[in-house]
Amino acid sequence: MLARDPTRSQRRSCRVRIAIYFTPLPSSLLHRLGSEWLGRNAWTGESVIQPEIQDLAVMTESPRRYGFHATLKPPFTLDDGVTEDHLKEAIERLCSQETSFEVRPRVGNMDGFLALVFDQPSGALQRIAERCVTELDCFRRPPSEAELARRRKTPLTIRQEAFLQQWGYPYVLEEFRFHMTLSGQLAPEALAPLVAAASFHFAPVLSKPVMIDGLTLFTEVEPGAPFTAIQHFPFQTPSPESAR
């Protein structure tokens with residue numbers, strides 16, 4: 001299990017927000033390319049030189065704070081009476097029941113955002129995302145009215161509003177779409193050339209499957225601070241028979 005800081009205190013300030021993401025391991029090519037694109041390494045917190053693409057630093061300002069990732073359980077604050085160690089134990093149990101698997105990514109348009117997405121739906125991804133949302137929800141403090149109002153700035157369907165009230169986020173369960181965000185929301189004339197540029201940048205990993213091999217715990221130590229990867233929890237390794 002990869003951990004960034006094993007000496008971290010068991011109890012954190014209630015201002016700290018937690019998120020459970022998929023992010024590739026720091027030794028992987030996908031992590032390097034994603035960090036270069038966004039201009040920040042989510043494991044070390046260090047700035048990374050971006051490709052020489054006009055206005056890329058501006059277009060990636062929003063996702064840079066969150067790091068290169070795909071959301072599985074959106075950011076939340078720990079509820080009273082639970083600690084980060086309690087949550088880690090639950091994540092470890094969940095991951096011990098899942099097996100690594102492969103998906104094939106492509107660069108695409110995700111409702112006006114540039115993102116790495118997958119051509120084919122994945123039942124395994126959907127199941128893991130649902131488990132993260134539902135099985136780990138006992139650790140989440142209910143959102144404040146201000147947080148709910150912020151989520152409602154984008155018009156929500158009746159179903160999304162129900163999810164927001166029940167799970168603290170509108171885009172979960174059947175509304176969930178796995179993606180790794182690569183830009184803020186862009187106008188079509190800005191997005192089209194960026195798709196081509198990102199396809200070139202990520203070409204070395206687009207030609208081969210990406211391994212979904214675990215979950216990573218991210219934290220935001222204070223409002224507006226960058227999210228940082230804290231600990232990776234691996235899935236089980238597939239048996240040789242299942243890989244055939």
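Student: Okay, where is aspartate 137 found?

Tutor: Aspartate 137 is in the loop between α5 (123–135) and α6 (145–151). Helices here are DSSP runs of H or I with at least four residues, strands are runs of E with at least two, and both are numbered from the N terminus. Before we go on, this is a predicted model, so local features need pLDDT of at least 70, side-chain atom pairs count only at pLDDT 80 or more, and totals for chains, interfaces and linings use all residues. Residues are numbered from 1 along each chain as its sequence is written, and side-chain values use heavy atoms, with hydrogens and water left out.

Student: Is aspartate 137 buried or exposed?

Tutor: Aspartate 137 counts as buried because its relative accessible area is 14%. The cut-offs are under 20% for buried and over 50% for exposed, with partly exposed in between, using a 1.4 Å probe and protein chains only.

Student: Which residues does aspartate 137 touch?

Tutor: Leaving out residues up to four places away in sequence, aspartate 137 touches Lys73, Cys132, Gln166 and Trp167. Contact means heavy atoms within 4.5 Å.

Student: What else do the side chains of lysine 73 and aspartate 137 form?

Tutor: They meet in a salt bridge, 3.1 Å from N to O. That pair links distant parts of the chain: lysine 73 sits in strand β3 (residues 70–77), aspartate 137 in the loop between α5 and α6, and they are 64 residues apart. A salt bridge here is a side-chain nitrogen of Lys or Arg within 4 Å of a carboxyl oxygen of Asp or Glu. Lysine 73 is buried because its relative accessibility is 2%.

Student: How many salt bridges does the structure hold?

Tutor: It holds 13. Among them is the one between glutamate 220 and arginine 17, at 2.7 Å from N to O. Here strand β9 (residues 214–220) supplies glutamate 220 and strand β2 (residues 17–22) supplies arginine 17, with 203 residues separating the two. Both of those residues are buried.

Student: What about aspartate 111?

Tutor: The side chain of aspartate 111 meets that of arginine 177 in a salt bridge of 2.3 Å, N to O. Aspartate 111 is in the loop between β5 (105–110) and β6 (113–118), and arginine 177 is in the loop between α7 and β7 (180–185), so the pair ties together parts 66 residues apart in sequence. Arginine 177 is partly exposed, at 45% relative accessible area. There's also a network: salt bridges that share partners join Glu98, Arg127, Arg131 and Glu135.

Student: Switching topic, how many disulfides are there?

Tutor: The count comes to zero, where a disulfide means a pair of cysteine sulfur atoms within 2.5 Å. Cysteine 95 is in no disulfide, and its nearest cysteine sulfur, that of cysteine 132, is 7.1 Å away. Cysteine 95 is buried, at 1% relative accessibility. Cysteine 132 is buried too, at 0%.

Student: Which residues of α5 are buried?

Tutor: They are Ala124, Leu125, Ile128, Ala129, Arg131, Cys132 and Val133. An α-helix has 3.6 residues a turn, so residues three or four places apart point the same way.

Student: How covered is β7, and what does it pair with?

Tutor: β7 is mostly covered, with five of its six residues buried. It pairs with β6 in the antiparallel sense over three bridges; strands count as paired if DSSP finds at least two bridges between them. Alanine 115, for one, has threonine 181 in β7 as its bridge partner.

Student: Last one: where is leucine 164, and what does it touch?

Tutor: Leucine 164 is in helix α7 (residues 158–167), and it is buried, at 1% relative accessibility. Not counting residues up to four places away in sequence, leucine 164 touches Leu148, Arg151, Arg152, Leu156, Tyr169 and Pro170.
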